[in-house]
Amino acid sequence: MTDETEAELTGATSRRRPKASVDKVGDRKLKPSTMMMGHGYDPVLSEGSLKPPIFLTSTFVFPSAAAGKRHFEGVTGKRPGGADGLVYSRFNGPNQEILEDRLGIWEGAEDALAFSSGMSAIATLFLSMVKPGDTIVHSGPLYAATETLIARILGRFGVHWLDFPAGATREEIDAVLSKAASGNVALIYLESPANPTNALVDVEAVAASRDAIFKGAKPPIAIDNTFLGPLWAQPLRQGADIVVYSLTKYAGGHSDLVAGGVLGSKEHINTIRLMRNTIGTICDPNTAWMLLRSLETLELRMSRAGENAVKVCEFLRTHPKVEHVGYLGFLEEGSRQADIYKRHCTGAGSTFSLYLKGGEKEAFAFLDALKIAKLAVSLGGTETLASHPAGMTHLSVPEARKQALGITDNLVRISIGVEDADDLISDFEEALKAV
Ligand SMILES: *Cc1c(COP(=O)(O)O)cnc(C)c1O
């Protein structure tokens, strides 16, 4: 199809023009951090505006009846790949499409979708893949709301689940997948590192096990990459098919929005897009615009936070009032977890577990004495946050399960931001004096 006939069919409302994608200079393939400034957006379509305007509209005007029909063929799945042009803001919009183009770049994904929250992304993924009687096999523990969604909500609709511990070996994964394979496994769902245990999932082993056990149709492997992605882990390269994000965390990075993302092959994304089109879990244009701004500094922010975390953890691990620091940079050389880390990760992240000597009293004294770090749940923002999982995020988890997961009263979860590292160390040093 020529550019002109394409333009005629898709209409002037489409921002999809060939010029909007510079991914090479000479022979050099551009890096994601470079492409975050311009990819997917052509200023000519918006009065020369350097930055994309926020498109506040609920619907888009078709240039012709034929173009409208063609767009709806995409929206309803009659033709795969979504609409060629812009239709209605529950399906797509310029800000969301630019965001999706840029999100996919980090992990070399074929396609991506933006959502109103991490949980709406995960829920839409599940709804698009499972039916009554199916089984979801997952690593454990998962983000609490994801566990609730699988066990309690999908459970009400006749969906079963089976899990294996995040740090499981190939043999342990084989055993669970073989057992599940007697039924219909719709999806294998992973989260790595697991929160708050920090255990990494061996995605390569899960993919090898899946390929060995399922001879015919293979269930896709989806993974929540919120904690390390996209800078420090890119699980599509280890055999995952679909990657899920809470963009609220590192990708948004300023603790000022809630959003989610899903990345993967066009085939899987098309399936998930149809569900999103039906139920309307897309993010709004303003949030998409804020995320475009955030992605421009993603590498800067994550790099700085990662460097800060190394320094802070080095300080904390030798402090006399600290029992243990659960940080991916401190994995025991030669251990299975260190082996997974080497094969799967390029950095240890900036979120870790701090176990103080003592219990809740000591943990609370420390938290209440912090001056720079704020007491809040969430992670991946520019500011350092600290929380008490046993008394906050995991308060309703039964005692035995808390013990099994290492959620003890002396545990403090910390997400390091982009402040000055020595200022942060002073803050922790002073707060430890209050313990
Ligand atoms: C925060 C989080 C979610 C949920 O994301 P929301 O944006 O809060 O809906 C899912 N998974 C992980 C690992 C998270 O940290």
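Which loop holds Pro141? Pro141 sits in the loop between strand E4 (135-140) and helix H6 (144-156); helices (H or I, at least four residues) and strands (E, at least two) are DSSP runs, numbered from the N terminus. The model is predicted: local features need pLDDT of at least 70, side-chain atom pairs count only at pLDDT 80 or more, and totals for chains, interfaces and linings use all residues. Residues are numbered from 1 along each chain as its sequence is written, and side-chain values use heavy atoms, with hydrogens and water left out.

View 1. Pro230 lies in the loop between strand E7 (221-224) and strand E8 (242-246).

**View 2. Asn198 has a positive phi.** Asn198 is not a glycine, and its phi is near 70°. The residue belongs to the loop between strand E6 (185-191) and helix H8 (203-213).

**View 3. The ligand has a shell of 13 residues.** A residue counts as near if one of its heavy atoms lies within 4 Å of the molecule. The closest are Met119, Asp224, Ser246, Thr248 and Lys249. By class, the shell has 5 nonpolar, 5 polar and 3 charged residues. Here Ala, Val, Leu, Ile, Met, Phe, Trp, Tyr, Cys and Pro count as nonpolar, Asp, Glu, Lys and Arg as charged, and the others, Gly among them, as polar.

View 4. Taken alone, the ligand exposes 380 Å², and the protein buries 92% of that (Shrake-Rupley method, 1.4 Å probe).

**View 5. Five strands form an open, mixed sheet.** The order is E10-E11-E14-E13-E12. Strands pair if DSSP finds at least two bridges between them. Strand E10 (322-326) and strand E12 (374-375) are the edges, each pairing on one side only. E10 and strand E11 (residues 351-356) run antiparallel, joined by 4 bridges. His324 stands opposite Tyr355 in E11.
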